[in-house]
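Dear colleague,

Please find below the structure that I am handing over to you. My notes on what was found in it follow directly after.

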Amino acid sequence: MRKIDHLLLLLAVMALPILASSQTKRQLSLQDALQLAEENNLATKSAEARELAARGQYRMTNSVFLPGLTVSTTGVTTNDPLSSFGFKLKQEIVTQADFDPTLLNDPDRIDNFNTKLEVQQPLLNLDGIYARKAAKNQYEAMSLQTQRVKANIRYQVKKAYFMLELAQNAVGVLETSVKVAEDALKLTKDNEAQGFVKHADVLEAMVRVDERKNQLLEAQNNLQSANEFLAHLLGVDLNTPIETTDSMIQSPALAVWQASETTIEGRSDVQAIQKQIQGAENMLKSEKMKFVPRLNAFGAYEWNDSKLLGTSANNYLVGASLSWNLFGGYKNVGSAQHAKAQLQEAQYNYEDYLSQSQIQLNQAKRNVELKYQQVQSGKLAKEQATESFRIRNDRFAQGLEKTTELLMAEALSSQKNLEFIQAIYNYKEAVFQLELLLEKDINE
């Protein structure tokens with residue numbers, strides 16, 4: 001009995017990985033997948049973090065207008081003649097006796113605690129104003145880049161979602177192909193036993209079965225890879241089995257887009273580059289404004305006492321400063337030249353990006369039409385191969401067709417089915433790419 005118990009325990013332990021791997025499939029529509037990606041995708045979160053960082057840098061430039069406020073407390077003790085007399089003045093405790101030369105030259109130790117409130121108010125800093133505008137342009141550009149990242153993730157999710165369905169359908173087609181090959185092998189073996197076929201036919205049927213099983217194994221591996229990639233995009237556990245509920249296996253209509261959707265100036269990535277150029281222009285202005293004087297106001301209110309945080313004596317100071325950096329060893333001149341060169345580079349890159357993007361858009365529109373025609377051709381070829389296999393299968397069942405001919409017809413039918421599914425996927429991918437380049441959904 002103890003050996004039986006040990007055996008049962010061993011079997012239970014061995015079954016745990018199998019039970020753990022057989023998770024319930026998570027059914028997802030395409031819209032559900034897009035929503036999950038928007039919430040959990042790591043690339044999206046990273047882009048949002050960069051946008052927050054840019055917003056923080058922009059908020060730092062509020063110092064161009066808002067005052068700076070500082071509170072400090074300083075404690076000292078000294079018998080320095082000059083400092084001792086000064087601290088007595090600050091504490092408002094000077095008496096006639098303090099003017100005695102002996103006390104002035106050799107004073108007693110004195111303690112002083114200074115509590116100060118300082119305010120600095122910018123009044124006119126033109127270079128800072130333009131630098132603030134440049135920071136705002138950078139923040140707006142980063143926000144637009146985040147939109148582009150999200151659009152690209154939507155594109156990737158759409159592709160991965162239907163790639164998973166493509167892999168699922170490929171597995172289904174090849175499972176049917178394996179079943180047909182196995183049935184043909186069984187029937188061929190029966191015919192050999194009755195002397196109707198040669199052993200070479202049996203060997204050929206066995207080879208066909210092995211080929212189909214190898215193709216099925218490869219398709220199952222592709223299915224697992226597609227599942228993991230989609231799970232990665234959605235930000236869920238890679239081991240989560242996903243089942244698609246939206247099907248692409250149908251005869252799609254040709255995608256239609258409006259004539260106004262032929263340019264890309266309104267796309268978020270293009271607008272982001274435009275904002276970056278505006279930022280470069282403002283930075284150039286900021287560098288030039290460093291040659292203009294700056295005007296700032298300042299003020300302080302302080303308390304001095306022999307005790308910490310004491311307020312027995314107080315005073316204030318208010319003023320303004322006008323500064324003008326006339327020459328800085330060509331530092332400002334060099335900075336302005338650098339900013340001008342960066343602006344020119346940004347403008348050239350923008351024109352180049354526009355041209356390349358328009359080429360991509362034109363190619364994508366032609367590609368959609370091409371892939372649509374391939375779907376129509378694939379549909380016709382699939383129907384012809386399916387009908388041919390049906391006829392040969394009926395004739396084979398009646399003993400009027402060779403095993404070789406049947407298996408070739410079945411292989412052609414499976415191939416055309418897979419090619420038709422692949423053609424639909426290719427068309428969907430072309431439409432999704434066009435949507436990405438137009439940055440809007442188009443009608444199919």
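Of the contacts in the chain with a separation of 6 or more, 82% are between residues 24 or more positions apart; contact means heavy atoms within 4.5 Å. Please note that this is a predicted model, in which local features need pLDDT of at least 70 and side-chain atom pairs count only at pLDDT 80 or more, while totals for chains, interfaces and linings use all residues. Residues are numbered from 1 along each chain as its sequence is written, and side-chain values use heavy atoms, with hydrogens and water left out.

Overall form

The chain has ten helices and six strands; these are DSSP runs numbered from the N terminus, with helices being H or I of at least four residues and strands being E of at least two. The chain is more spread out than a compact globule, because its radius of gyration is 40 Å, well over the 22 Å that the globule rule gives for 444 residues. That radius is taken over C-alpha atoms, and the rule is 2.2 Å times the number of residues to the power 0.38. The C-alpha trace spans about 140 × 80 × 35 Å along its principal axes.

Surface and charge

The accessible surface of the chain is about 26600 Å², and carbon and sulfur atoms hold 55% of that area. Areas come from the Shrake-Rupley method with a 1.4 Å probe, and for residues only the protein chains shown count as cover. Of the 444 residues, 34% are buried. Here buried means under 20% relative accessible area, exposed means over 50%, and partly exposed lies in between (1.4 Å probe, protein chains only).

The chain carries 48 positive and 54 negative charges, whose mean positions are 2 Å apart. Lys and Arg count as positive and Asp and Glu as negative, whereas His and the chain ends are not counted. Each charge is placed at NZ of Lys, CZ of Arg, CG of Asp or CD of Glu.

Strand pairing

Strand β5 (residues 294–305) pairs with strand β3 (residues 110–124) in the antiparallel sense over eleven bridges; two strands pair if DSSP finds at least two bridges between them. Within this pairing, glutamate 302 in β5 stands opposite lysine 116. Strand β5 is also joined to strand β6 (residues 313–323) by eleven bridges, and these two run antiparallel. Tyrosine 301 has tyrosine 316 in β6 as its bridge partner.

Individual residues

The loop between β5 and β6 contains leucine 309. Its phi is near 60°, a positive value in a residue other than glycine, and leucine 309 counts as exposed at 56% relative accessibility. Glutamate 92, in the loop between α4 (81–91) and α5 (101–105), likewise has a phi near 60°. Glutamate 92 is exposed, with a relative accessibility of 54%. For context, most residues other than glycine have a negative phi.

Proline 67 is found in the loop between α3 (42–60) and β2 (68–78) and is partly exposed, at 48% relative accessible area. Leaving aside neighbours within four places in sequence, proline 67 is in contact with Val119, Gln120, Gln121 and Pro122. Its C-alpha atom is separated by 34 Å from that of alanine 346, 279 residues apart along the chain.

Asparagine 332 lies in helix α9 (residues 331–397) and counts as buried, at 11% relative accessibility. Not counting residues up to four places away in sequence, asparagine 332 touches Lys290, Phe291 and Asn325.

With kind regards
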